Amino acid sequence: TLRKPISQSSMADWASKNLNMHTQGIFRRRISISNMLSWNGGSIKKPMLITSNRTIKKEACEMFKLVQSYMGDRQTRMDRNHVALVTVTKCWSMQGLRDELYIQLIRQTTDNVCYRSLAWGWELMAISLAFFSPSPKFQSYLEGYIYRHLDSDEDIAQRIKELVDLKNKKNSKSRKKRKQNTEDEGLPISTYAKYCYRKLQKVAVTGGKKGLRTPTVEEITHARNAILTPSLFGSSLEEIMLRQQDMYPGNKLPWVQTQLSQQVLALGGEQTEGIFRIPGDIDEVNALKLQVDQWRIPSSLSDPNVPASLLKLWYRELEEPVIPQQFYKECISNYENPDAAVAVVQLLPELNRLVLCYLIHFLQIFAQPSNVGRTKMDVNNLAMVMAPNCLRCQSDDPRIIFENTRKEMSFLRMLIVHLDTSFIKGLL
């Protein structure tokens, strides 16, 4: 469900307080906010947002040229992948540049008469959201901007026509350019906006790419492809099953779930101390995630903590948790009753039931006394690390969250101890 974004007047108020107003002409007259937030074919001599950081002031002007280069509004010798990589790496490494990039993209995708340039601006925004979030201060503004483009294709087409007609009156030689504008149309802007809106919700919580390794060209390409081809991470179970239909038509369970689980066992995870508690190397987890999203499991894996960490991430990032929100109250109400807890599982939609039962079957392997002696992860520890990946408390009240966390753990513990998952072997 989409939240109602901040109002247009609130966005205007934010802009008036935070925009670093530019000037023009020999009398250095201040440019209006609407012009500050409209497409610009020239350079900028200072950042769009107010800042006292000298490095940010310098980098912001260079970044504007990169944005123009990616959008095709400025000539460059670099290919667009490299332009995106340099842009994203700057912002990923320098937190103060992130809001500046997003406000520059807002400017360059407003009143832009070239549809190709407009689409590439939105594409760069989508790529950027795969790596870092805006600051909490700027998030509502960006969210409001994206929200207003979710169903705006007709409005955008009409606005481009109006701007082109206005330009044609001033310059009759622009017919060739007008023809080019209509021919350049590709994906609807609403497609980018819908993707960016979902991505913003997620990256605001996760914080984006972690680790020490800077972004790579492969990650840039992956982020661009994800606009049209949903990732195996962060999608719904239904979307994931639909995606694997061609490659694995007979599978009753998500390929990513079974493959990562089997990798943990193949690498001796059930004999590894602290499995699921000790995280795998974050850069190795990121690299594996990229491979898995391309339906590949590398043969070079050696640490079971890496696929174990990615498996937890897959559960945690599901668009809707394995146990859907509508069953949450029933779960935490029956956290001490084994029969009632098992009965909740039988009420789940078939796909969710199978996915949950596979997970419990998997955890039951680790809960065996012979393995607990090695892993130091008994049923209580397993429930503690996995419950947050299966159930999501919607309350913002810290007291309720704290109280429910205990109940979530107890509910999952009931399933690990009491749920009969023997039928899972027949599905594999």
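Predicted model: local features only at pLDDT ≥ 70, side-chain atom pairs only at ≥ 80, totals over all residues.
Okay, let's start with a pair of side chains: Glu219 and Lys209 form a salt bridge, at 3.2 Å from N to O. By salt bridge I mean a side-chain nitrogen of Lys or Arg within 4 Å of a carboxyl oxygen of Asp or Glu. This one links distant parts of the chain, with Glu219 in helix 11 (residues 217–225) and Lys209 ten residues away, in the loop between helix 10 (189–206) and helix 11. When I say helix, that's a DSSP run of H or I with at least four residues, numbered from the N terminus, while strands would be E runs of at least two.

Residues are numbered from 1 along each chain as its sequence is written, and side-chain values use heavy atoms, with hydrogens and water left out.

Back to that pair: buried or exposed, what is Glu219? Buried, with 13% relative accessibility, and Lys209 counts as buried too, at 14%. The cut-offs are under 20% relative accessible area for buried, over 50% for exposed, and partly exposed in between, using a 1.4 Å probe and protein chains only.

How many salt bridges does a search of the whole structure find? It finds 13. Another one is Glu317 with Lys289, at 3.6 Å, N to O. Glu317 sits in helix 15 (residues 305–317) and Lys289 in helix 14 (residues 282–292), so this bridge ties together parts 28 residues apart in sequence. Lys289 is partly exposed, at 23% relative accessible area.

Then there's a local one: Arg406 with Glu403, where the closest N and O atoms are 2.5 Å apart. Both lie in helix 21 (residues 398–418), three residues apart, or about one turn of the helix. Both are partly exposed, with Arg406 at 43% relative accessibility and Glu403 at 31%. Elsewhere, salt bridges with shared partners join Arg80, Glu123 and Arg224 into one network.

Leaving aside neighbours within four places in sequence, Glu123 contacts Tyr70, Arg80, Tyr192, Arg224 and Ile227, where contact means heavy atoms within 4.5 Å.

Tyr70 takes us to helix 3, where it is one of the buried residues, along with others including Ile56, Glu59, Met63 and Phe64. Helix 3 covers residues 54–70, and its 17 residues reach 25 Å from first C-alpha to last, close to the expected 24 Å. That expectation is 1.5 Å times one less than the number of residues. What do the buried residues of helix 3 pack against? Helix 4 (80–93), helix 5 (98–108), helix 6 (115–129) and helix 11.

The ends of helix 3 are worth a look as well. Asn53 caps the N-terminal end, with a side-chain oxygen 2.9 Å from the backbone nitrogen of Thr55. That's a polar contact, meaning N or O atoms within 3.5 Å; within protein, one must be able to donate a hydrogen and the other to accept it, and residues adjacent in sequence count only if both atoms are side-chain atoms. Just after the helix, Gly72 has a positive phi of about 85 degrees.

On the subject of phi, most residues other than glycine have a negative one. Asp111 isn't a glycine, yet its phi is positive, about 55 degrees. Asp111 lies in the loop between helix 5 and helix 6, and is partly exposed at 29% relative accessibility. Phe276 also has a positive phi, about 75 degrees, without being a glycine. You'll find Phe276 in the loop between helix 13 (255–266) and helix 14, and it is buried, at 2% relative accessibility.

Last stop, His149. It sits in the loop between helix 7 and helix 8 and is buried, at 14% relative accessible area. Not counting residues up to four places away in sequence, His149 touches Trp122, Ile156, Ile189, Ser190 and Ala193.
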